[in-house]
Amino acid sequence: QLQHILRMAVARRVARRVVTGGQKSACRSPRGYSSAAAPTAALNFRDPAVFKSKSTKDLLFNYAILRACTVSLLTDGGPKMLEMMDKLKISAPAYWFIKQTFYRHFCAGETLEESMKTVDELAKHNIKSILDYSVESASKIDDVVDVLVKAIKISATSPSAKYSCYKMSGLTSHSLLERMNNLLAYKEANPSFELPWMALVDAKNYKEFVPQLKTAGAARLASPPGAPPHLNEAELDELHKLLLRLELLADAAQSGNVPLLVDAEQSWFQKTIRFLTVAQMRRYNRERPVIYNTYQHYLKETLPILQADIAAAEKEKFFFGAKLVRGAYMLAESVWAQQHNTAYPVNDSLQATHNSYNAGASLMLKTVAKSGAGVVIASHNEDTMLMMAKEVIDVGLKPEDQLIDFATLYGMSDHASLALAQRGYNVCKYIPFGPVHDVMPYLMRRMQENRGFVGRTAEERQLMFEEIRKRLSL
């Protein structure tokens with residue numbers, strides 16, 4: 001199959017040269033820039049030599065997988081086929097195949113120990129790692145917490161595992177996050193509405209926080225007409241467990257000097273996640289950025305929220321930490337808005353999202369230079385990478401400044417990650433790990449995302465092909 005793919009690719013390129021009179025087609029410059037006007041002249045995302053540190057075996061494998069991601073039968077039909085095979089109890093061969101192919105490309109291993117081999121391999125290319133336990137439906141929350149704490153502790157002992165991360169929806173019930181989200185939304189519209197648990201921003205010990213609220217009668221509060229009901233006793237107990245888990249993770253991150261990235265999620269959870277994460281920043285980010293909140297710039301409200309959180313950090317004298325992403329839940333947001341008859345929260349155009357992201361990243365780099373904040377520029381958009389690589393220099397910072405990282409997902413945009421790392425910028429890869437069956441939702445999203453961005457992955461595949469052809473003299 002691999003030989004067939006390579007033969008077909010060679011034939012297409014030979015045909016293209018015949019049609020163009022024997023001239024090689026030049027690699028395109030990044031969208032929006034001519035090669036002469038690229039923001040960072042020394043940074044080139046169109047040079048096949050960027051793969052010089054990769055083995056030919058790895059390049060052939062990666063090329064084949066990215067080609068396979070363009071096959072709709074696999075990316076669109078794969079989940080349904082697996083579901084049917086699971087019901088018929090004949091899925092074992094399919095999972096074996098997935099583990100040897102797509103899982104191997106997009107995930108690091110089933111255990112932390114397996115994943116550290118990937119961490120060490122990336123370190124050879126001057127790329128550090130973000131350990132990401134990508135199990136999305138674990139039955140026992142405390143088991144998830146145990147793995148997350150272990151990941152933080154392992155990161156603390158490895159100079160190549162720079163960050164750890166988690167999803168807050170994996171630490172408590174979705175209903176609690178949504179209930180708190182609704183209460184916070186109501187308070188935004190009605191500032192006089194009191195929420196006792198918002199005193200968390202000043203709490204220094206989470207163990208006593210909720211019990212003290214209950215003693216003060218928080219579970220018996222009545223809401224005014226039109227307001228959501230306050231958290232009841234059972235929900236406060238659930239909040240207590242969540243806070244103890246957050247405290248455990250943050251304590252481990254602080255003592256191990258491992259920055260902790262809190263992932264963004266759907267908008268009906270996000271106000272809760274932001275509130276709890278910024279509250280942790282106030283407590284733990286007194287000497288350096290330890291806790292990082294994630295800002296999704298495909299949402300209309302994100303840039304003003306980022307600006308407000310930066311201002312709060314400057315006013316209250318704590319170190320701000322932010323990871324910036326464009327966003328990954330557009331379809332879910334659309335369905336939710338229709339089902340709940342609410343406004344669609346996503347920007348009206350892709351360009352508006354680009355503008356918001358680039359403005360946020362530029363603002364964060366200035367904040368790093370001004371006050372020692374930390375930023376993770378998590379993006380596969382080459383224009384953004386080039387612009388922000390230049391901006392690092394323009395604001396008086398250095399590419400190697402440890403408070404700035406460019407991050408991409410494992411198995412995606414390797415050409416850009418390698419180019420940045422080879423020019424001295426700090427680069428990280430999100431390293432997903434977990435049992436094959438449990439990380440399937442993550443894996444299917446990555447396969448579909450690569451198919452969805454055909455133009456981008458086509459350029460990466462072309463660079464891989466050019467390097468392979470050079471080595472094999474095809």
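Modeller: M84 sits in helix α4, residues 78–87 (helices are DSSP runs of H or I, at least four residues, and strands are E runs of at least two, numbered from the N terminus). Together with L88 and I90, M84 makes a nonpolar surface patch with about 310 Å² of accessible area (Shrake-Rupley, 1.4 Å probe, only the protein chains shown counting as cover). Patch members have over 30% relative accessible area and no salt bridge, with nonpolar side chains joined within 5 Å and like charges within 9 Å; a salt bridge puts a Lys or Arg side-chain nitrogen within 4 Å of an Asp or Glu carboxyl oxygen.

This is a predicted model, so local features need pLDDT of at least 70 and side-chain atom pairs 80 or more, while totals for chains, interfaces and linings use all residues. Numbering starts from 1 along each chain as its sequence is written, and side-chain values use heavy atoms, without hydrogens or water.

Now the packing: α9 (residues 174–189) meets α11 (residues 233–256) at about 105°, axes 10 Å apart. That makes the two roughly perpendicular (65 to 115 degrees). L176, L177, R179 and M180 of α9 touch E235, E238, L239 and L242 of α11, heavy atoms within 4.5 Å. N257, in the loop between α11 and β3 (260–262), has a positive phi near 55°.

Notes:
Axes are lines fitted to C-alpha atoms, for helices over the stretch in contact, and angles run from 0 to 180 degrees between N-to-C directions. Angles under 35 degrees count as roughly parallel, over 145 as roughly antiparallel, 65 to 115 as roughly perpendicular and the rest as oblique.
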